[in-house]
Amino acid sequence: MTTAVTEPPGLETQRREVESLLQESELRAGGSWYMVDRRWYDQWKEFVETGDQNSSSFPGHIDNSELFEDQDSYHLKERLVENEDFMLVPAEAWRKLLAWYGLVEGQPALERKVVDLPSTLKVEIYPVEVYLCLHSNMDNVITARFSRADPIHSLQDLMCREFSVQQGAECRLWMKSSDTSCERLRNVHVSVLDACLTSGMTVIMEMRHADGTWPSSKPQIMRCSVEDQDYRGQPGVCGLSNLGNTCFMNSALQCLSNTPPLTEYFLRSAYLEELNFTNPLGMKGEIAEAFADVIKQMWSGRHHSVVPRIFKTKVGHFASQFLGYQQHDSQELLSFLLDGLHEDLNRVKNKEYIELRDAGGRPDQEVAEEAWRNHLRRNDSVIVDTFHGLFKSTLVCPECHKVSVTFDPFCYLSVPLPVSKDRVMEVFFVSLDPSAKPVQHRLLVPKAGKVSDLCSALSQLTSVRANQMAVADVFNHRFYKIYQPHEALSCILDRDDIFVYELSGCVGGGEEKNQEEEEEVVLGLYLRERSHSRDYGSGSSSYGTTLFGHPLLLSVPRARCTPEALYTLVLQRLARYVRPPDPSEEVEEEEEEEEETQTNGISDDEEREENGETAGPSQQGHGQAISQPDATVLPLSDTNHAQPSLDRSSEETTNQGSVACCSSASSSANANPSGETIGSSDASASTSHASTSHASSSHASSSHASSSHASTSHASTSHASSSHATGGAVAVAGETAEEDKQEEACSPIPAANEQPARRKSCRKKRRRLFSIQAVNSNGTTERGMGEGFTSQPYVAVDWDSDMKKSYYNENEAEKYTKHSSMEESQQQMSVQLQESIQLFTTTETLEEDNPWYCPVCKRHQLATKKLDLWGLPEVLIIHLKRFSYSKFSREKLDSLVHFPLRDLDFSDCLLRKKLTSGEPPSRYDLIAVSNHYGGLRDGHYTSYSRNKDSGQWFYYDDSKVTYATEDQIVTNAAYLLFYHRQDKIRHPAPPAASHAPSTDITSCTKQDTEQGGAACVTMETD
């Protein structure tokens, strides 16, 4: 059937009207033009130009048959050329021709749209032809053609009509190319051209399931059994699986999920109309969509627990600091999430530039209203509606007293906690009395104090003068650092093992001593166990050493730095756990003594170390001491060290030597340039950690195989005295004859040019329990150790395994006692929430690294700043600043903050006193709490939240959800507080009496919350 035809005007009128429209019409993006077969158009033109109505050139009905490949599908032929195969006429001209001549029956009008290409406007001759289907039935495919200028939502509307999709169903589209890869069509308001949809692609539509999941994604839920697939529970009471250190994210999500205005906004899908895909500050709507998916699944009431894997992936994609599976701060995640949701849902598409103005003496009300209007001109979203408030900032110049007043928006309040000026430290005190066990004390010292303050506090408990104490950090059987009295206590961490040694002299100097024999040296004493080894390649034998037990600090008069005196002094200091030999065991034995008459400065032991013959490897680069003749205690270098745990049994306790990792490092203590000594009398004892370290020790050999002697670096007393007088080291060793024989049989004979001339003599000596060797601060022997104790104030007591087993009581050596101060309970600091809010509004002076530029002084000033609350949001988030960071220390404040569950009143803190209704404008009720348990480097996040539908409190610990009572909520773990303004709260019906607070309402009992569980089915990333 042909198109109805009206009576046409005269031929000249037809020609004039059509040609006029062709000349005047311009291409406009989105405009319509029509294709007309060129032969028909030429025949029409000839007809109207002849002026004869009865001419044989009458064109008849508009016929575009020559433009189609076939008359069934009416597909256009390929490669048609404008003005050769067809003519383009504007829509108005087409309507006139259609009315005058009609269209051949069955033929479609060839309407074509004008598209805006990157550099020109052009009528598209060939539209985009795509295939349409549903995800649930991909066999039912229809074909449709769309102009590149058509919006994507027109394609979605067509699919909803063709496939009879239920009205109001939440849908999303995917486009699938020939290589089977799929991509989301997120923004349905863009054109087909901007969406990069081309001919031959397939568009797939899917509808969200009732449980909040999408058909294209595997259900991101945690199921325990097949029966749980039919689970029906209370909406919103749903756990979140821990994907690996993601408890910080789960805690923040649970708090936001139980924020009624935000959750209801997403549940009613209002976000779909406000997604901002063009905001350069946003995430192209992806964060908002991922958050919406999690919320809808949690509030579907069909899941015990949801696995937020896609949400975690999206967060890591747009905020690289959250990539991976490290622990993070829930407040930092919350700050990023609120900002991301705001930008993704910002109703302002094009932000205008607004120049901020100072108050300039204007009334606060006027300035505040102007500031809020300016804020809304650039920021308008559900996040602003729900969480943004306004505070007043006042800056005063300290010189010209210029007052600058501005009003700034805030999303949450970070309120400080009152910080105690004191800290509790636990130390071990080692008395001069060799029979006394180390005593553990608990001290209260100033946080900003010095090491001398610690000594003063300990002096009050021990009656030992503070200047007779030396403080050291002991780690790995050695001194990690010896502190000077002037050093700050902030350098000492709570996990460090601090030992305080009683010295007979004054630390840091005292009266000057004129006589050499009155001078004293503070020696660090290490205990080492020797282990023999044999080098089968060279046939030589040597021994390595392993540190054990507790090091000591000995204050030794210089005149007593002789082998016999040191041996006797050490034996006295170890008397509590070293059994002296019985007279029957003290066998006198011959000793062959060798004395070098010339030396190259390197002992045989050192040469063996250089040649790699020593069994125990030396740990270089850790705690190297610097030679400084006048210094008695040298600094120890930085290193990472751990804190051992001590197992306690009643009063006496044995250190089992377990160590915990710690990544902090203390600075080296510089040697006193004036040569003052830390101590000036007899030795003091120490206890330390139990860990293993290897060290090497000197070992001499004899050239007489038949002689039995003890191996020493310098054996004779006269030689030792000579060495001391010339600044040489004192190293005394006593060994068994059997060891000497073995060494003599295995020791290689040095080359002639390396063997120094020796003078030999024989004498009788008693067998000794151990030998003494000069070492470095690591407890290892290295080249140049024979230069005297003044340059190397560390010695090692080397034990043979048999002697150590017979005479050294390890259990007794590890014991210590507790002082009564350890039993005193430390009173926990508590504070009211209102006190922290008042601290937030207290006047403070800007720090030097954050000055304010004064427009009057024309330079930066350390102005005073005061913040005051002006306008509060519907939902107020209060961040308790529990983590304190300074230049030298970091700590977590475990103060108990007493916060109200109801009727939190800000009327005293709010500058604007004007009431807007009968209800107080600043009363809030608590709806959620994010908790942090643990310390700075580790911990766990949980949350308490009040369900908006039932009013019942629940405790969320990752995938586990339990009922909670109101008396459980206020703890010292509270970190983030969510308060809802009372005039906006919808009061639900009270919870049923059958809800037992202690009942675990999650039925998943064998889930690995840290790994997400093998029983979890996770969504695919789109």
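**Helices in contact**

Guide: Let's start where helix α7 passes helix α9 in a left-handed crossing, meaning that the near helix is turned anticlockwise from the far one by less than a right angle. Helices and strands here are DSSP runs numbered from the N terminus (H or I, at least four residues, for helices; E, at least two, for strands). This is a predicted model, in which local features need a pLDDT of at least 70 and side-chain atom pairs count only at 80 or more, while totals for chains, interfaces and linings use all residues. Residues are numbered from 1 along each chain as its sequence is written, and side-chain values use heavy atoms, with hydrogens and water left out.

Helix α7 covers residues 286-298 and α9 residues 330-344; their axes come within 8 Å and cross at roughly 110 degrees. Axes are lines fitted to C-alpha atoms over the stretch in contact, and angles run from 0 to 180 degrees between N-to-C directions. That angle is why α7 counts as roughly perpendicular to α9 (65 to 115 degrees; under 35 is roughly parallel, over 145 roughly antiparallel, the rest oblique). From α7, E286, I287, A288 and F291 meet F336, L337, L341 and D344 of α9, contact meaning heavy atoms within 4.5 Å. By class, this contact has six nonpolar, no polar and two charged residues (Ala, Val, Leu, Ile, Met, Phe, Trp, Tyr, Cys and Pro are nonpolar; Asp, Glu, Lys and Arg charged; the others, Gly among them, polar).

F291 also takes part in an aromatic pair. The whole structure holds 30 such pairs (ring centres of Phe, Tyr or the six-membered ring of Trp within 6.5 Å; planes under 30 degrees apart are stacked, over 60 edge-to-face, the rest tilted). F266 and F291 have ring centres 5.1 Å apart and planes at 70 degrees, so they are edge-to-face. Because F266 sits in helix α6 (residues 260-267) and F291 in α7, the pair ties together parts 25 residues apart in sequence.

Helix α1 (residues 11-24) has its own partners. Its axis comes within 9 Å of that of helix α3 (residues 91-101), crossing at roughly 155 degrees, which means that α1 is roughly antiparallel to α3. This crossing of α1 past α3 is left-handed. Q14, E17, V18 and L21 of α1 touch E92, A93, K96, L97, W100 and Y101 of α3. Six of these residues are nonpolar, one polar and three charged.

With helix α2 (residues 38-50), the axis of α1 comes within 8 Å at roughly 130 degrees, so α1 is oblique to α2. Here L11, Q14, R15, V18, E19 and L22 of α1 meet Y41, W44, K45, F47, V48 and E49 of α2, giving seven nonpolar, one polar and four charged residues.

The protein averages 76, with 71% of the residues scoring at least 70.

Key:
pLDDT is the predictor's confidence in each residue, from 0 to 100.
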